[in-house]
Amino acid sequence: MRTFTLFGLLALSLSVQANVYKWVDKDGKVHYSDKPQPNAEVVELKETSANQIRLDVPAAVPKADTQVEAIEYEITILTPEADETIRSNEGKFEVTATVTPEKPANALWVLRIDGKVWGDAMDVPLFRVSELDRGEHSIEVQLIARNGKPIASSGSRTLFLHRTSVLQQPKAVPVSGN
């Protein structure tokens with residue numbers, strides 16, 4: 001059985017050798033195909049016409065400077081000021097930042113409050129915070145690549161948020177009786 005299969009494959013490989021046909025269309029373009037076309041002639045292929053690729057290796061390849069200097073980005077929080085007290089019953093305030101040199105086109109801005117990411121990554125360094133609980137908070141602005149890898153980070157900045165609480169009762173103010 002194996003012998004029969006071997007002879008069958010050998011006969012098949014000999015019959016697979018296809019002819020190449022060449023013809024010129026009405027626009028004068030020369031075409032080649034393995035299927036016969038009207039007015040096509042068989043091209044005789046020579047054994048020396050097989051494709052052989054030979055790469056010439058240059059004698060000396062100049063070495064490129066592979067060290068790329070890393071860019072050091074510096075992020076500065078513009079607002080709020082360090083140790084600023086913000087009075088907002090809704091817990092609202094804005095955080096703005098800037099970076100030098102200019103941020104890469106594919107980078108995004110992230111705000112971290114108390115070490116946790118606040119909101120979505122943004123294309124601009126302007127964050128509107130709302131519904132933040134009262135108290136002391138640390139904020140930090142980061143520049144990240146689209147894959148989430150941090151590029152640069154600002155220093156941590158402390159702020160104090162004051163909100164009126166229902167637990168706070170107005171104090172009675174004595175009325176002077178003059």
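Begin by selecting Glu94, which counts as partly exposed at 39% relative accessibility. In this tour, buried means under 20% relative accessible area, exposed means over 50%, and partly exposed lies in between, with a 1.4 Å probe and protein chains only. The model is predicted, so local features need pLDDT of at least 70 and side-chain atom pairs count only at pLDDT 80 or more, while totals for chains, interfaces and linings use all residues. Residues are numbered from 1 along each chain as its sequence is written, and side-chain values use heavy atoms, with hydrogens and water left out.

**Salt bridges**

The term denotes a side-chain nitrogen of Lys or Arg within 4 Å of a carboxyl oxygen of Asp or Glu. Because Glu94 belongs to strand 6 and Arg128 to strand 9, the pair ties together parts that are 34 residues apart in sequence. Strands (E, at least two residues) and helices (H or I, at least four) are DSSP runs numbered from the N terminus. Arg128 itself is exposed, at 62% relative accessibility.

The structure holds 3 salt bridges. For another of them, select Asp123 and Arg146, whose side chains meet at 3.7 Å, N to O. Asp123 is in the loop between strand 8 (116-122) and strand 9, and Arg146 is in the loop between strand 10 and strand 11 (150-153), so that distant parts of the chain, 23 residues apart, are linked. Asp123 is partly exposed, with a relative accessible area of 48%, whereas Arg146 is exposed at 53% relative accessibility.

Next select Arg163 and Glu131, which form a salt bridge with the closest N and O atoms 3.9 Å apart. This pair also joins distant parts of the chain: Arg163 lies in the segment after strand 12 and Glu131 in the loop between strand 9 and strand 10, 32 residues apart. Arg163 is buried at 18% relative accessibility, whereas Glu131 is exposed at 54%.

**Gly91**

Keep Arg163 and Glu131 displayed and select Gly91, which touches both of them as well as Val129, Ser130, Leu132 and Leu161, not counting residues up to four places away in sequence. Contact here means heavy atoms within 4.5 Å. Gly91 is placed in the loop between strand 5 (84-87) and strand 6 and counts as buried, at 0% relative accessibility. Its C-alpha atom is 5.1 Å from that of Ser130, 39 residues away along the chain.

**Strand 12 and its partners**

Strand 5 pairs with strand 12 in the parallel sense over 4 bridges; two strands pair if DSSP finds at least two bridges between them. Within this pairing, Ile86 stands opposite Leu161. Strand 10 runs antiparallel to strand 12 and is joined to it by 5 bridges. Here Ser138 has Thr158 as its bridge partner.

**The nonpolar core**

Which residues touch the most other members of the largest nonpolar core? Select Ile75, Val95, Trp109, Leu111 and Val141, from a total of 21 residues. Such a core is a set of buried Ala, Val, Leu, Ile, Met, Phe, Trp, Tyr and Cys residues joined through side-chain atoms within 4.5 Å. Elements giving two or more residues include strand 4 (74-79), strand 7 (108-113) and strand 12 (157-162), and strand 6 gives the most, with 4 residues. Centre the view on Val95 to find its contacts, among them Ile77, Leu111, Phe127, Ile139 and Val141.

**Pro101**

Move to Pro101 in the loop between strand 6 and strand 7. Pro101 is partly exposed, with a relative accessible area of 42%, and touches Ile71, Glu72 and Tyr73, not counting residues up to four places away in sequence. Pro101 and Ile71 are 8.4 Å apart, C-alpha to C-alpha, and 30 residues apart in sequence.

Finish with the open sheet of 3 strands, ordered 2-1-3 with antiparallel pairing. Its edges are strand 2 (30-33) and strand 3 (41-43), each pairing on one side only. Strand 1 (residues 20-24) pairs with strand 2 over 4 bridges in the antiparallel sense, and Val24 stands opposite Val30 in strand 2.
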